[in-house]
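Subject: Handover of a structure and its findings

Dear colleague,

Please find below the structure that I am handing over to you. My notes on what was found in it follow directly after.

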Amino acid sequence: RDAYLPMADTYVLEEAGGTVGFISTVQHALAALFVHPRDQGKGYGRALLQFVKERSPKLELKVYKENGNAFRFYSRHGFAVVEETIDEDTGQAEFVMAWEER
């Protein structure tokens, strides 16, 4: 919290006075995208992602290989796998995915 949050640009999406999700970037890295489970499937993730794509000519992220839902979501929104690696902290296989403005 004290090290990561100050260096990130974080945008919060609210609906009817409550937080439904947020997205954080660190330079051109998409560091976090979360939508409350009750609000998933309503287009909020897409809206948050579009918001940061409009402010950056390129984005890169890492997603665990076993997280099929996240992989499909990012693939649908123009991200492509550029590398397969292992997360140093967890030992989990992951994809490095990238998107560039066209």
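Is aspartate 39 buried or exposed? Aspartate 39 counts as buried, at 7% relative accessibility, where buried means under 20% relative accessible area, exposed means over 50% and partly exposed lies in between (1.4 Å probe, protein chains only).

Two remarks on the source are needed before the rest. This is a predicted model, in which local features need pLDDT of at least 70 and side-chain atom pairs count only at pLDDT 80 or more, while totals for chains, interfaces and linings use all residues. Residues are numbered from 1 along each chain as its sequence is written, and side-chain values use heavy atoms, with hydrogens and water left out.

Overall fold

The protein chain contains three helices and six strands; these are DSSP runs (helices H or I, at least four residues; strands E, at least two), numbered from the N terminus. Read from the N terminus, the order of elements is α-β-β-β-α-β-α-β-β. The radius of gyration, taken over C-alpha atoms, is compared here with a globule rule of 2.2 Å times the number of residues to the power 0.38. The chain has a radius of gyration of 14 Å, close to the 13 Å that this rule gives for 102 residues, so it is as compact as a globular protein of that length. Its C-alpha trace spans about 40 × 35 × 30 Å along the principal axes. Of the 102 residues, 32% count as buried.

Strand 1 (residues 9-15) and strand 2 (residues 18-26) run antiparallel and are joined by seven bridges; two strands pair if DSSP finds at least two bridges between them. Within this pairing, leucine 13 stands opposite glycine 21 in strand 2. The hairpin has two residues between the strands, and alanine 16 takes a positive phi near 55 degrees there.

The nonpolar core

In soluble globular proteins, nonpolar side chains tend to be buried together. A nonpolar core is here a set of buried Ala, Val, Leu, Ile, Met, Phe, Trp, Tyr and Cys residues joined through side-chain atoms within 4.5 Å. The largest such core has 19 residues, and those with the most contacts inside it are Ile23, Leu49, Leu61, Tyr74, Phe79 and Met97. Helix 2 gives the most to this core, with four residues. Leucine 49 is in contact (heavy atoms within 4.5 Å) with Ile23, Leu30, Phe73, Tyr74, His77 and Phe79, leaving aside its neighbours within four places in sequence.

Salt bridges

How many salt bridges are there? The count comes to four, where a salt bridge is a side-chain nitrogen of Lys or Arg within 4 Å of a carboxyl oxygen of Asp or Glu. Buried aspartate 39 forms one with arginine 38, at 3.3 Å from N to O, and arginine 38 is exposed, with a relative accessible area of 51%. Arg38, Asp39 and Lys42 are linked in a network of salt bridges.

Another salt bridge joins glutamate 84 to lysine 65, at 2.9 Å from N to O. Glutamate 84 lies in strand 5 (residues 80-86) and lysine 65 in the loop between strand 4 (58-64) and helix 3 (68-76), so the pair ties together parts that are 19 residues apart in sequence. Glutamate 84 is exposed, at 53% relative accessible area, whereas lysine 65 is partly exposed, at 42%. Glutamate 54 and arginine 55 also meet in a salt bridge, at 3.7 Å from N to O.
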